[in-house]
Amino acid sequence: MIELEVQDYYKGLPALDQVKINTLFARAVLEQRIPGKVYADSKEKPGAFYVVHPYGMSLVYGAAANPDFHHRLSDYITGRGENRIQAEWLQGDPAGDWSERIDAIAAAHNSTLPAGGRESGQDNYRAIEKNTRVNFSFDREAYCAARAQFFKQEADLVRTGKEHFFAQTGSVLPRFFWRDEEHFVAEGAGYSILEDGGVASTAFSSCITADQLEIGIETAEASRGKGYAFTVCAALIDYCLDHRLEPVWACRLENQGSYYLAQKLGFKPSLTLPYYRLAL
């Protein structure tokens, strides 16, 4: 794997256009909307790519690469190399054999780890864990019916601004997907519910293109169970519909809260694929 210079990130876009899963996070890096890293099998004529979003999401895709790329990919995934600096959630283009390669790498790597897993107390326990990623399609009719029933009209709902950018607590936050508050306000969109002087829940564009907007959602722990997540997401979906943007949702199947919220909002599961947790 060769790290590409920023000015060469565009070389990964034609191959990304052929990937038939949700790849908005990778596109945001390739189009330099947010800093990230891009690796390839060649600087001059790359055919295989590995894109890392700063939030820790990564994607490997493209044509069959040379053996050196596969060897370095194995080192990177297993942590034997020195260029991975954070934990990642990795997915491979299902049109290629990337998942099969990752499965083989994971099986070989995990077989060398101490028995007992994390519970063994071993500091060097760095298993590659296989989860499931779900992509959804949006059903506008189902959404409209749900909105009429569940939208909280009395909520203190506001457009997410600079003053809210750092105020929301949790793990899925605008500051992890945008360079800063000015960048978010200028190019992104979001809605927040305010409660007791703070931000209770926020739905925001984690990635956005000319025709799609991927939804990120976070609700403060003390404010969960009140229907706020549905309301802020509905406000953002309304924004999408007003601006001719397709609302996009994807999550781990194991994240049951996100999985069922998506369906409550009118999204339908359309595709599942392996999703690998790479420990640091």
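Which residues are linked with Asp17 in a network of salt bridges? The network joins Asp17, Arg27, Glu31, Arg33 and Glu187. A salt bridge here is a side-chain nitrogen of Lys or Arg within 4 Å of a carboxyl oxygen of Asp or Glu, and by this rule the count comes to 14.

The structure is a predicted model, in which local features need pLDDT of at least 70 and side-chain atom pairs count only at pLDDT 80 or more, while totals for chains, interfaces and linings use all residues. Residues are numbered from 1 along each chain as its sequence is written, and side-chain values use heavy atoms, with hydrogens and water left out.

Strand E3 covers residues 48-52; helices (H or I, at least four residues) and strands (E, at least two) are DSSP runs, numbered from the N terminus. In E3, 5 of its 5 residues are buried, where buried means under 20% relative accessible area, exposed over 50%, and partly exposed in between (1.4 Å probe, protein chains only). In a regular strand, side chains alternate between the two faces of the sheet. Ala48, Tyr50 and Val52 lie on one side of E3, Phe49 and Val51 on the other, and both faces are covered.

Two strands pair if DSSP finds at least two bridges between them. E3 pairs in the antiparallel sense with strand E2 (residues 37-40) over 4 bridges, and with strand E4 (residues 57-62) over 5 bridges, again antiparallel. Phe49 has Ala40 as a bridge partner, and Tyr61 is its bridge partner in E4. E3 and E4 form a hairpin with 4 residues between them, and Gly56 in the turn has a positive phi of about 110°.

Individual salt bridges come next. Side chains of opposite charge can pair when their charged atoms come close. Arg72 and Asp68 meet at 3.0 Å, N to O; they are 4 residues apart in helix H3 (residues 67-78), and therefore separated by about one helical turn. Arg72 is partly exposed at 44% relative accessibility, as is Asp68 at 39%.

Asp238 and Arg147 form a salt bridge at 2.8 Å, N to O. This pair links distant parts of the chain, with Asp238 in helix H7 (residues 228-242) and Arg147 in helix H5 (residues 140-150), 91 residues apart. Asp238 is buried at 19%, whereas Arg147 is partly exposed at 24%.
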